[in-house]
Amino acid sequence: MQVFICFLTAIVLLVVSGCANSKIQIHNDNQLIISNANTTIQVKTPPLDTHKINMGSVYVDQHIIAADEDQCIIYENIRTPGAYEFNFSYQRSIELIFNAYRVEKLKSYGNLTLYRVTLREKEQTTINLLALTASKKSLKLCMGLMMRH
C-alpha cells in the first residue's frame, strides 16, 4: 500500500511544480523514477513482472512494479521503430491503445500529462494515467489500476 501512496504523492508533486525536463523511467527493473526540473521521486520495489511485446510497428516494454490484492502500478514504454511515429494526438493515441470509452486530460505541465481513462466495458473501469509525451516516436505511461475479483 505504501508504494501506491508514494505513486499518488509523486503525481501531485510533479503536477503542481511544473515540468520542463520531465521523465518517467524504470531503472534496474525495480525502481520507478518520475522527475521534472524541480522534483525527482523514486519508488523502489521488488520487480514483479516484465513483458516485452513486439507488434511490428510498435514495441512495448511493460513492467508491473507494485501489486497487492486490489491494485497495481504499471509502467509502459511504447515506441515506434524507424520512420514510424504516432499519427494522432496523444489523447487520441491513448484512446486507441486502451480502446477507451473516454479519455479526459486532467492536467498538463510541459510534456507530462495526467489523464483519466474510462474503459469500454460493462463496469467502465477508470484508470489514472501519467503520460510522458516528449516524442512522436515514444509514449511512456505510468498507471494505477484497481483490480476486480
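Trainee: What is the order of the three strands in the open sheet, and is the pairing parallel or antiparallel?

Mentor: In this predicted model, the open sheet has the order 1-2-3, and its pairing is antiparallel.

Trainee: What makes strand 1 and strand 3 stand at the edges?

Mentor: Strand 1 (23-27) and strand 3 (40-44) each have a single partner strand, so one side of each is left without a neighbour in the sheet. From one strand to the next, the twist averages 15°.

Trainee: How do you know that strand 1 and strand 2 pair?

Mentor: Pairing requires at least two bridges between the strands. Strand 1 and strand 2 (residues 31-35) have five bridges, in the antiparallel sense, and therefore they count as paired. Within this pair, I26 stands opposite L32 in strand 2.

Trainee: How many bridges join strand 5 to strand 6?

Mentor: Strand 5 (residues 59-67) is joined to strand 6 by eight bridges, and the two run antiparallel. Y59 has R79 in strand 6 as its bridge partner. These two strands form a hairpin, with three residues between them.

Trainee: Why is strand 6 described as largely enclosed by the rest of the structure?

Mentor: Strand 6 (residues 71-79) has nine residues, and eight of them are buried; therefore the description applies.

Terms used
Residues are numbered from 1 along each chain as its sequence is written. This is a predicted model: local features need pLDDT of at least 70, side-chain atom pairs count only at pLDDT 80 or more; totals for chains, interfaces and linings use all residues. Side-chain values use heavy atoms; hydrogens and water are left out. Helices (H or I, at least four residues) and strands (E, at least two) are DSSP runs, numbered from the N terminus. Axes are lines fitted to C-alpha atoms, for helices over the stretch in contact, and angles run from 0 to 180 degrees between N-to-C directions. Buried means under 20% relative accessible area, exposed over 50%, partly exposed in between (1.4 Å probe, protein chains only).
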